[in-house]
Amino acid sequence: MAIKIAFFDTKSYDRESFDQASNGLAYEIHYYKDRLSVHTAQLAMGKDVVCIFVNDECDAQVIDLLASYGVKLIALRCAGFNNVDMKAAAGRIPVVRVPAYSPHAVAEYAVTLMLCLNRKVYRSVYRTREGNFKLKGLMGFDMYGKTAGLIGLGRIAKELVKILRGFGMNVIAYDPYPDKAFAEAHQTRLVSLDELYAESDIISLHCPLTDENKFLINRDSIQKMKPGMMLINTGRGKLIRTEDLIEGLRTGQIGSAGLDVYEEEQNFFYEDRSDKMIDDDKLALLLMMPNVIITSHQAFFTREAMHNIATTTLENIRDWAEGRELKNEVK
Ligand code: NAI
């Protein structure tokens, strides 16, 4: 019998890649545009699996509902699992994820943000389209010889190290469980967080969001950073306390910020809201700042990553259906 999957927060590109990957296989995928929440959980009634993404809400209340509807597996089609209450799921519904669909996609995107911000490409494109060919205000700096500090040295950060070393940058990293052999092989100095704050010209966040590191970047940590440094976040929005970031940008302590994720992104990202007011003062202010780039959680969004997400998610579901070991289970 076909496995019934309730697929939440569906976009056309999700449907395309999952239809392609599931072609001819025993899956019955019900695509829903709604995000999973207490208000939409009933769509999962009678389904075996729910398939969710980064901004679906899978808290304790939702997990109670899913269990009562007979859902037997939560399949995340992403790496991060901060939106699932793992304590509430434990022992009731197993949770699987896609731990690495393309670390290259995210690492390359972090570099994209760095280069765009540094060389102000987004501003020059606007200018030349308006017929303004002046260079005033567009000066950047050589990446060569500068210091990049990576918080988290996992799969994505390791790819980033290789790219940044290629630029001739010094790379330092903080990770509570560092891969010392990798660090040594790639001339990456492991440092404490305080050392990283003090020495980095660019800081890039590559750790998961946990209860312990929520708002890791706050007024205190910002004060420890080099004046005028660049902050890049392709991790999770809640790693940064937005109001403290804004204060840091106002005082010049933070020179520029490239954000692919935002503390309250679930209210905006992945939707066309161009005909509405942005009713979030902090987001509106950041969007007005000439030294800030915000993108809509798109670092993962490459053809290769979408293909890997679909095939790994369906493999995870098949492993569960066939009673095999769940190699991508979140414990
Ligand atoms: P990973 O699991 O391979 O590496 C994470 C590393 O962070 C580990 O080495 C771990 O020891 C370290 N870590 C844990 N807590 C830490 C802390 N408090 N401070 C510093 N390091 C800490 O994960 P991967 O694949 O490198 O992804 C990292 C994060 O990037 C994901 O958790 C996810 O939130 C985010 N992500 C964002 C995407 C986007 O499209 N913007 C796409 C994919 C992932």
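A cavity is a set of points, on a 1 Å grid over the protein atoms alone, where a 1.4 Å probe fits but cannot get out, and its lining residues have an atom within 4 Å of a point. The model toured here is predicted: local features need pLDDT of at least 70, side-chain atom pairs count only at pLDDT 80 or more, and totals for chains, interfaces and linings use all residues. Residues are numbered from 1 along each chain as its sequence is written, and side-chain values use heavy atoms, with hydrogens and water left out.

**First stop: the second largest cavity**

Select Asn233, Gly237, Ile240, Thr242, Leu245, Leu259, Val261, Tyr262 and Glu263, which line the second largest cavity. The space inside is about 50 Å³, a volume being the space filled by probe spheres set on the grid points, which are joined across faces, edges and corners. Five of the lining residues are nonpolar, three polar and one charged. In this scheme Ala, Val, Leu, Ile, Met, Phe, Trp, Tyr, Cys and Pro count as nonpolar, Asp, Glu, Lys and Arg as charged, and the others, Gly among them, as polar.

**Second stop: the largest cavity**

Next select Asp9, Lys11, Tyr13, Asp14, Phe53, Arg77, Tyr270, Phe300, Met306 and Ile309, the lining of the largest cavity. Helix 1 and helix 12 (303–321) are the elements that give two or more residues to this lining; helices are DSSP runs (H or I, at least four residues), as are strands (E, at least two), numbered from the N terminus. The largest cavity holds about 90 Å³ of space, and its lining has six nonpolar, no polar and four charged residues.

Tyr13, Phe53, Tyr270, Phe300 and Phe301 form one aromatic cluster. Rings of Phe, Tyr and Trp (its six-membered ring) pair if their centres lie within 6.5 Å; planes under 30 degrees apart count as stacked, over 60 as edge-to-face and the rest as tilted. The count by this rule is seven aromatic pairs. The rings of Phe8 and Tyr32 are tilted, because their centres are 5.8 Å apart and their planes stand at 45 degrees. Phe8 lies in the loop between strand 1 (3–7) and helix 1 (12–22), and Tyr32 in the loop between strand 2 (27–31) and strand 3 (49–52), so the pair ties together parts that are 24 residues apart in sequence. Both Phe8 and Tyr32 are buried (under 20% relative accessible area; exposed is over 50%, partly exposed in between, with a 1.4 Å probe and protein chains only).

**Last stop: a charge over a ring**

Finally, select Lys158, which lies over the face of Phe182, at 5.4 Å from the ring centre. A charge sits over a ring if NZ of Lys or CZ of Arg is within 6 Å of the ring centre and within 35 degrees of the ring normal.

Notes: 1 Å grid on protein atoms, 1.4 Å probe; cavity = no way out; pocket = protein on both sides within 12 Å on 5 of 7 lines; lining within 4 Å.
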